[in-house]
Amino acid sequence: MPLPKKVLKHPIFNHAQNDGPIDLDEVLKPIFDRPKYRLTPSPSIEHKAISQRWSVLSQLTEQSVLCDEATYRNSSVYDKNIEYFIGTAKVPLGIAGPLRVNGTNARDDFLVPLATTEAALVASYHRGAKLITASGGASAMVINEGVTRSPVFQFSNLSEAGQFVAWVVTQYDNFKELVKTTTSHGRLHDVSVNIEGNHVYLVFEYHTGDASGQNMVTIATHKVFNFIKQKSPIGLKQATWTAIYPVTKNQTYTHCEVYVVER
């Protein structure tokens with residue numbers, strides 16, 4: 001006996017055109033037709049590439065709205081910030097403050113620009129900043145700085161995991177040299193080792209200067225990860241890695257700068 005079609009009659013599934021029930025399988029089935037639009041294969045920000053993209057987008061919107069003459073002329077300034085560039089968007093900009101900061105580096109009264117379309121948001125920040133300033137300012141300091149990546153290695157038993165750790169701790173200098181071959185800005189600051197059963201977690205902590213450094217540390221860790229897989233004297237049962245350590249210990253590790261503020 002054939003199964004009934006999944007025809008849904010709940011109002012939320014009513015078809016927009018005829019307000020009747022829809023066949024969910026039919027609506028949600030994969031479509032392998034050629035896409036309606038085709039953009040440039042290169043993410044380049046050069047004028048030629050921008051013009052090619054707008055030859056497609058002009059069917060959908062006016063170029064002058066997002067890419068006026070000045071934006072087009074100065075597009076090269078965004079070269080390190082975005083791919084497949086088509087223009088800029090204007091967002092309402094407000095100002096809050098002054099906000100007094102008493103920090104180890106920043107010590108001043110600051111006016112804080114805030115771009116948003118949410119009503120009352122800037123006003124709320126403004127009132128808070130004025131209150132903090134009136135009470136003497138916010139005292140702040142950085143207690144930790146770094147971006148982490150955490151490969152995990154699985155072994156057949158705890159004994160093998162322990163032998164692997166004994167080898168890993170002798171390789172820190174090699175890890176640092178490998179990282180230097182991938183970036184001129186980031187550096188490997190520390191490596192922490194954690195054993196949970198037959199799993200070994202290596203937490204690599206990097207300093208990335210003024211950069212967020214997410215791609216930087218990913219590339220660096222990938223190279224170290226491959227080195228470990230190739231050179232480990234203990235056979236690996238499984239190896240993988242993630243951006244963070246397991247969620248139960250996340251607070252121990254950082255992805256940027258950790259601040260403590262009091263008022």
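**Figure 1. Pro98 and its cis peptide bond.** Pro98 lies in strand β3 (strands are DSSP runs of E, at least two residues; helices are runs of H or I, at least four; both are numbered from the N terminus). The peptide bond from Gly97 to Pro98 is cis. Its omega is near 5°. This is a predicted model, in which local features need pLDDT of at least 70, side-chain atom pairs count only at pLDDT 80 or more, and totals for chains, interfaces and linings use all residues. Residues are numbered from 1 along each chain as its sequence is written, and side-chain values use heavy atoms, with hydrogens and water left out.

**Figure 2. The whole chain.** The chain has 8 helices and 10 strands. Of its 263 residues, 28% count as buried (buried is under 20% relative accessible area, exposed is over 50%, and partly exposed is in between, with a 1.4 Å probe and protein chains only). The accessible surface comes to about 18,000 Å² (Shrake-Rupley method, 1.4 Å probe; for residues, only the protein chains shown count as cover). Carbon and sulfur atoms hold 55% of that surface. Among contacts with a separation of 6 or more, 62% join residues 24 or more positions apart (contact means heavy atoms within 4.5 Å).

Figure 3. A search of the whole structure finds 4 salt bridges (a side-chain nitrogen of Lys or Arg within 4 Å of a carboxyl oxygen of Asp or Glu). Side chains of opposite charge can pair when their charged atoms come close. One of the bridges joins Arg73 to Glu69, with the closest N and O atoms 3.7 Å apart. Both residues lie in helix α4, 4 residues apart, about one turn of the helix. Glu69 counts as exposed, because its relative accessibility is 63%. Glu177 and Lys180 form another bridge, at 3.4 Å from N to O. These two sit in helix α7 (residues 172-180), 3 residues apart, again about one turn. Glu177 is partly exposed at 45%, and Lys180 is exposed at 57%.

**Figure 4. The salt bridge of Asp109 and Arg100.** The closest N and O atoms of this pair are 2.7 Å apart. Asp109 has a relative accessible area of 36%, so it is partly exposed. Arg100 has 31% and is partly exposed too.

**Figure 5. Aromatic rings.** The structure holds 8 aromatic pairs. The rings of Phe, Tyr and Trp (its six-membered ring) pair if their centres lie within 6.5 Å; planes under 30 degrees apart count as stacked, over 60 as edge-to-face and the rest as tilted. Tyr172 and Phe175 form a tilted pair, 6.3 Å centre to centre with 40° between the planes. They are 3 residues apart in helix α7, so about one helical turn separates them. Tyr172 is partly exposed at 23% relative accessible area. Phe175 counts as buried, because its relative accessibility is 0%. Elsewhere, ring pairs link Phe153, Phe155, Phe164, Trp167 and Phe225 into a cluster.

**Figure 6. Ser232 and its contacts.** Ser232 lies in the loop between α8 (214-231) and β9 (238-242). Its relative accessible area is 15%, so Ser232 is buried. A polar atom of the Ser232 side chain lies 2.8 Å from the backbone oxygen of Ile234. A polar contact is a pair of N or O atoms within 3.5 Å; within protein, one must be able to donate a hydrogen and the other to accept it, and residues adjacent in sequence count only if both atoms are side-chain atoms. Leaving aside neighbours within four places in sequence, Ser232 is in contact with Phe164 and Trp167. Phe164 and Trp167 also belong to the ring cluster.

Figure 7. The loop between α2 (47-57) and α3 (63-66) holds Ser58. Its side chain reaches the backbone oxygen of Ser55 at 3.4 Å. Ser58 is partly exposed, with a relative accessible area of 45%.

Figure 8. Tyr84 has phi near 50°, a positive value in a residue other than glycine. Tyr84 sits in the loop between α4 and β3 and is partly exposed at 39%. Ala120 is not a glycine either, yet its phi is about 80°. Ala120 is found in the loop between β4 (107-115) and α5 (121-134). Its relative accessible area is 54%, so Ala120 is exposed.
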